[in-house]
Amino acid sequence: MELFANETDMPDIYNNWEDSFGDTKEEIAAFFTALKEEVQVCVVRKEGVVAAQLCLLPINVGGKEAMYLYAVATNKAYRKKGLCTLLLKKVTLWLESQNKCGILVPADISLQAFYHKRGFRHCFKEQRVLIQGKPADTLRIETCTVSRYIMLRKQAFFGKNCVEVSDRMLRYALEGYLQSGYQLGTCLWQEREFGVLYRETDKLFIQEITVFDEEEAKEATEVFVAGRGKREAWLQRSYPTMATGLPEEICKNGYFNLVLD
């Protein structure tokens, strides 16, 4: 099956990505440089050019090997011609042949119906919760390095129904968040340490806290919010995710947070 890109496709891939998402070629190059040993680009060619494309990144979900579908893009000259549908069909067939499932986070809610018609089903419901601050005497908040956060994240999510990504992917995602104004901290409370990825302007937005259990995550977030001197904050627990080939028992209570921005 002619599915994967080669070096001669890369200029087209860069152009399609830039046109579709607005990233600069330098930003696109940084993605491929950071993840070159892991990323595979799938393409559909038309009239000698890459007409549709997507990236595959290796992940693990509840102990099952999977691929994260990322940066799905179509050349603007070939849109509305069914080529993205063709590409998704080819990728789905390849995933089945490899006994792997595919997972993606639609960039926009309007795209959910598009992917649903092409065999992707909802999983890992979105959990975006407004948290009220709750002071705690034993709380200590410190800054956190990327390496430390990766370790805390593994301790919290490894072996559960979570989308687990490689250290390389985690580092790339975290550094992207930090460049866009987020901060990393640790919350030391009740003899436990939680990593927190958050953004603080006039309001506090918590992208992730390294706790899998939903109620425990809310409780830990409450004391972190108060520790930052805020009355309330938003906690993004998980994103609305879609999958193909994912076992039903994993779909119900899974977790996927750190999308690659």
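**View 1. Salt bridges across the model.** The structure holds 14 salt bridges, each one a side-chain nitrogen of Lys or Arg within 4 Å of a carboxyl oxygen of Asp or Glu. This is a predicted model, in which local features need pLDDT of at least 70 and side-chain atom pairs count only at pLDDT 80 or more, while totals for chains, interfaces and linings use all residues. Residues are numbered from 1 along each chain as its sequence is written, and side-chain values use heavy atoms, with hydrogens and water left out.

**View 2. Lys 154 and Asp 167, a salt bridge between two helices.** Here the side chains of Lys 154 and Asp 167 meet, at 2.8 Å from N to O. The pair links distant parts of the chain, with Lys 154 in helix 5 and Asp 167 in helix 6 (residues 167–179), 13 residues apart. Helices (H or I, at least four residues) and strands (E, at least two) are DSSP runs, numbered from the N terminus. Lys 154 is partly exposed, with a relative accessible area of 40%; buried means under 20% relative accessible area, exposed over 50%, and partly exposed in between (1.4 Å probe, protein chains only). Asp 167 is partly exposed too, at 37%.

**View 3. Lys 230 and Glu 200, reaching from loop to strand.** In this salt bridge the N to O distance is 4.0 Å. Lys 230 sits in the loop between helix 7 and strand 12, and Glu 200 lies in strand 10, 30 residues apart. Lys 230 is partly exposed at 22% relative accessible area, and Glu 200 is partly exposed at 23%.

View 4. Six strands in the order 6-12-11-10-9-7 form an open sheet with mixed pairing; two strands pair if DSSP finds at least two bridges between them. Strand 6 (127–132) and strand 7 (140–143) are the edge strands, each pairing on one side only. Strand 7 runs antiparallel to strand 9 (residues 183–189), and four bridges join them. Look for Arg 140, whose bridge partner in strand 9 is Leu 188. Arg 140 also forms a salt bridge with Glu 142, their closest N and O atoms being 2.8 Å apart.

View 5. Thr 74 belongs to strand 3 (residues 64–74) and counts as buried, at 13% relative accessibility. Leaving aside neighbours within four places in sequence, Thr 74 is in contact (heavy atoms within 4.5 Å) with Ser 20, Ala 51, Ala 52, Arg 79 and Cys 84.
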